[in-house]
Amino acid sequence: MSGLILNCLLPFVRPPRTVSVQEAQNMSTADYLDATFNSAPSIVNDQSTRQSLVGVFEQQAQKNGSAPSIQQLFNAARAACAVDHDKDVITWLETLLNASNHGNNGNGGHVPTPPPVVPPTGGNNNNNNNNQGSNIFINPIFFPSEESFKQLLKTLDNAKKSLDICVYTITDDHLANAIIRAHERGVQVRIISDSEKAEDLGSDVNRLRDNSDIPTRVDNSKSFMHHKFAVIDDALVINGSYNWTKGARFENKENLTLTNSPKAVQGFKTEFERLWAEFA
């Protein structure tokens with residue numbers, strides 16, 4: 001079992017996704033472990049976290065000549081989680097493994113239905129599930145708040161394959177630099193913005209296009225392109241009143257919601273692609 005756990009901790013090659021109870025019932029334990037760990041973004045996307053988890057295994061093996069206990073691995077994983085949702089993912093997985101360790105009850109090695117996880121409520125960084133037993137999270141954050149801004153930056157820095165940004169304006173250089181970092185590490189970045197705001201003094205939109213070769217399109221119409229959302233890795237949506245400006249960061253009363261709801265992701269992805277084609 002410890003070897004199975006290590007195999008799940010090491011690769012981290014698939015993008016974050018969620019696993020429902022219904023899916024889990026039809027998956028092998030190995031596939032469920034892999035998918036569940038990959039639904040915990042603060043573990044999957046953090047290189048130092050992965051290294052520390054592997055270090056737990058190596059230290060234990062060197063000391064005792066054997067793999068660490070499952071309990072040690074899960075304690076290390078929980079300690080490495082950046083947000084409550086990810087801690088809940090790990091606890092759910094631990095409960096599942098403890099149950100499967102006591103026998104499969106004739107289910108042919110398939111995963112038993114795990115217990116529902118109900119995350120804590122209240123506070124900016126807590127995640128709320130609308131459907132108990134699912135890994136779908138909805139995380140509202142509010143501004144002005146430096147903690148909320150750090151969470152937004154970290155979310156952008158965790159992008160692995162794609163970052164589709166559709167915002168009215170970008171003037172905050174910290175966010176512009178996060179976009180550049182994503183582009184430089186191979187993430188496919190696209191930006192849609194408002195044509196008038198892109199020409200404002202201090203706007204980063206044209207700079208990102210001209211200096212960093214990031215594909216950018218604007219509406220070129222009399223109306224405003226007033227959206228403020230981003231789709232990350234086709235798996236996460238950021239959406240709310242928050243303009244990507246220092247005024248929104250430091251002064252305004254603003255909000256953002258982060259969610260991996262498949263319905264939300266698909267809806268915002270469809271809208272982005274529609275506008276991308278319209279503004280070509």
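Which residue caps the N-terminal end of H9? Asp-172 does: one of its side-chain oxygens sits 2.9 Å from the backbone nitrogen of His-174.

This is a predicted model; local features need pLDDT of at least 70, side-chain atom pairs count only at pLDDT 80 or more, and totals for chains, interfaces and linings use all residues. Residues are numbered from 1 along each chain as its sequence is written, and side-chain values use heavy atoms, leaving out hydrogens and water.

**Helix H9**

H9 spans residues 173–184, 12 residues in total. From first C-alpha to last it reaches 16 Å, close to the expected 16 Å (1.5 Å times one less than the number of residues). Helices are DSSP runs of H or I with at least four residues, strands runs of E with at least two, numbered from the N terminus. Buried residues (under 20% relative accessible area, 1.4 Å probe, protein chains only) in H9 are Leu-175, Ala-176, Ala-178, Ile-179, Ile-180 and Ala-182. Their cover includes these elements:

| Element | Residues |
|---|---|
| Helix H8 | 146–157 |
| Strand S2 | 162–167 |
| Strand S3 | 188–193 |
| Helix H11 | 205–212 |

Gly-186 follows H9, with a positive phi near 95°.

**Trp-244**

Trp-244 lies in the loop between strand S6 (236–240) and helix H12 (246–250). Trp-244 is buried, at 1% relative accessible area. Leaving aside residues up to four places away in sequence, Trp-244 touches (heavy atoms within 4.5 Å) residues including Asp-172, Leu-175 and Ile-179. Trp-244 and His-174 are 70 residues apart in sequence, yet 9.5 Å apart in space, C-alpha to C-alpha.

How values were computed. Buried < 20%, exposed > 50% of the residue type's maximum accessible area, 1.4 Å probe, protein only. Polar contact = N/O pair within 3.5 Å; in protein donor to acceptor, adjacent residues only side chain to side chain.
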